[in-house]
Amino acid sequence: MDKFTQNYVDSFMSELIAKNPGEKEFHQAVREVLESVAPYIVSYPHLLDLKIMERIVEPERVIMFRVPWTDDKGEIHVNRGYRVQMNSALGPYKGGIRFHSSVNLSIMKFLAFEQTFKNSLTTLPMGGGKGGSDFSPRGKSDNEVMRFCQSFMTELQKHIGENTDVPAGDIGVGGREVGYMFGQYKRLRDEFTGTLTGKGLAWGGSLLRPEATGYGACYFAQAMLATRGKTFDGQTVCVSGSGNVAQHAAQKAMRLGAKVVTLSDSNGYIYDPDGFTEEKIDFVKNLKNVRRGRIKEYVSEYPTAKYFENERPWGVKCDIAMPCATQNELDAEDAKKLIANGCFCVVEGANMPTTPEAIALIQGAKLLYSPGKASNAGGVATSGLEMTQNSIRQHWTSEEVDEHLHRIMSDIHDACIKYGTEEDGYINYVKGANIAGFIKVANAMADQGLV
Ligand code: NDP
């Protein structure tokens with residue numbers, strides 16, 4: 001990066017940090033994008049004059065609200081709800097809702113910012129947004145979760161709509177939570193619309209939406225592997241997390257011929273040296289989605305597997321690593337272990353799971369590496385397909401949805417190659433995804449005037 005561009009990045013980041021103190025995840029996400037797009041911005045001075053980057057980092061609107069609810073004993077609790085409506089240049093705000101005790105404004109803004117570029121990459125007409133609460137569904141009864149979701153939606157419904165803002169699921173928000181929120185939305189607004197995605201199949205949901213993020217990450221990985229003449233067949237894969245994204249990434253990688261050996265949750269990871277099978281994945285789905293248990297219970301069912309308390313899976317020898325749990329879950333020490341063990345590909349299923357220091361090591365060693373905004377875009381893309389099916393009041397088959405998903409992931413991969421291929425031939429997927437995602441949003445903002 002030349003001196004002028006570096007100065008632009010440095011002064012931009014100083015102002016951003018001063019204006020948004022303490023929001024470290026948001027700073028991290030902005031810096032990553034800015035470092036990729038700054039050379040592009042300075043080469044098109046009208047983007048500098050229009051202050052496009054200054055406008056992109058400022059949410060169009062942030063809604064923060066009180067969410068009071070009562071537990072089964074009648075005790076009152078108060079959580080905080082958020083919706084960050086980041087950017088509507090390309091379409092209605094679109095992005096998930098996260099229920100997790102760690103949720104704060106910084107995490108909401110980082111996710112909404114990333115979502116803007118991810119949605120742009122899908123080529124579908126969706127702006128960027130994100131929402132959530134510091135409420136954790138873990139250990140709560142179905143009735144408690146329902147009361148919380150109803151209270152959350154009682155406020156949120158004032159700000160969303162099928163042409164305004166269309167939320168979906170994320171950490172802690174699956175089919176159950178989307179159902180409760182949709183029910184309350186419908187009751188209060190007296191309308192049956194596609195305002196939430198990730199709905200149940202019988203009431204407007206799309207086939208393959210639950211699978212889409214994990215499957216899409218594997219389709220993206222297939223395209224990456226193909227650039228080096230490789231496939232999933234016979235590769236050993238480590239997956240982190242055991243929720244929606246992890247379950248389906250593991251399942252698809254396995255179906256493509258890989259041996260998938262790990263899954264995790266926030267308490268530890270399991271290592272199954274024999275690899276997962278359809279039956280084992282079904283066990284995990286039932287354990288996590290129905291019984292709402294912990295991943296360590298896997299070893300009681302399959303005793304040849306081992307459980308490692310308070311550890312992450314990145315020390316296990318593998319060819320391909322797929323972090324699918326949460327942000328900053330793979331750090332520099334983990335990256336060193338992966339590289340030393342011969343891992344040649346890191347595919348993000350989660351949002352920003354790899355720290356900047358780890359990314360530098362991974363890219364420095366010339367591993368294949370894709371950022372979540374490219375490789376996990378299949379989830380929101382299929383949400384976009386759910387919106388289309390709702391609008392035309394039709395239901396596509398799994399094959400039709402899968403075909404769209406495949407095409408979208410392959411197009412995103414092509415965009416990364418176009419904007420991310422470096423002089424030595426190395427594909428910098430971070431740069432490619434950031435520039436490709438940014439150009440469309442920036443041009444749309446320029447076209448739409450100063451709003
Ligand atoms: P789920 O709630 O279904 O699963 C989350 C998994 O991550 C759980 O296994 C959870 O373990 C684990 N986890 C959560 N927090 C931590 C933590 N601090 N440390 C270690 N593990 C943790 O969420 P999803 O699978 O939907 O989401 C996973 C990631 O994928 C997130 O980054 C999300 O933003 C991203 N994503 C999701 C999409 C979707 O369609 N669902 C789309 C695109 C991205 P535990 O049970 O202990 O909490």
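A residue is called buried when its relative accessible area is under 20%, exposed when over 50%, and partly exposed in between, with a 1.4 Å probe and protein chains only. By this definition Ser151 is buried, because its relative accessible area is 16%. The structure is a predicted model, in which local features need pLDDT of at least 70, side-chain atom pairs count only at pLDDT 80 or more, and totals for chains, interfaces and linings use all residues. Residues are numbered from 1 along each chain as its sequence is written, and side-chain values use heavy atoms, without hydrogens and water.

Ser151 sits in helix α6 (residues 142–156). Helices here are DSSP runs of H or I with at least four residues, strands are runs of E with at least two, and both are numbered from the N terminus. Leaving aside residues up to four places away in sequence, Ser151 touches Val67 and Pro68. Contact means heavy atoms within 4.5 Å.

The domain assignment divides the chain into domain 1 (3–56), domain 2 (61–193) and domain 3 (210–375). Such bounds come from an automatic or database assignment. The C-alpha centres of domains 2 and 3 are 27 Å apart. Across this pair, 13 residues of domain 2 are in contact with 12 residues of domain 3.

The ligand lies between domain 2 and domain 3, because both give residues to the shell around it. This shell holds 26 residues, and the closest are Asp170, Thr213, Ser266, Arg294 and Asn351. By class, five shell residues are nonpolar, 13 polar and eight charged. Nonpolar covers Ala, Val, Leu, Ile, Met, Phe, Trp, Tyr, Cys and Pro; charged covers Asp, Glu, Lys and Arg; the others, Gly among them, are polar.

An N or O atom in the side chain of Ser266 is 2.4 Å from a ligand oxygen. For Arg209 the corresponding distance is 3.1 Å. For a polar side-chain atom of Lys288 it is 3.4 Å. The protein covers 83% of the 890 Å² of accessible area that the ligand has on its own. Helices α8 (209–226) and α9 (244–255) and strand β7 (259–265) each give two or more residues to the shell.

Cys324 is in the loop between β10 (320–322) and α12 (332–340). Cys324 is buried, because its relative accessible area is 7%. Its contacts beyond four places in sequence include Val239, Ala249 and Gly349.

How values were computed. A residue is near a molecule or strand if one of its heavy atoms lies within 4 Å of it. A polar contact is a pair of N or O atoms within 3.5 Å; within protein, one must be able to donate a hydrogen and the other to accept it, and residues adjacent in sequence count only if both atoms are side-chain atoms. Accessible areas come from the Shrake-Rupley method with a 1.4 Å probe; for residues, only the protein chains shown count as cover.
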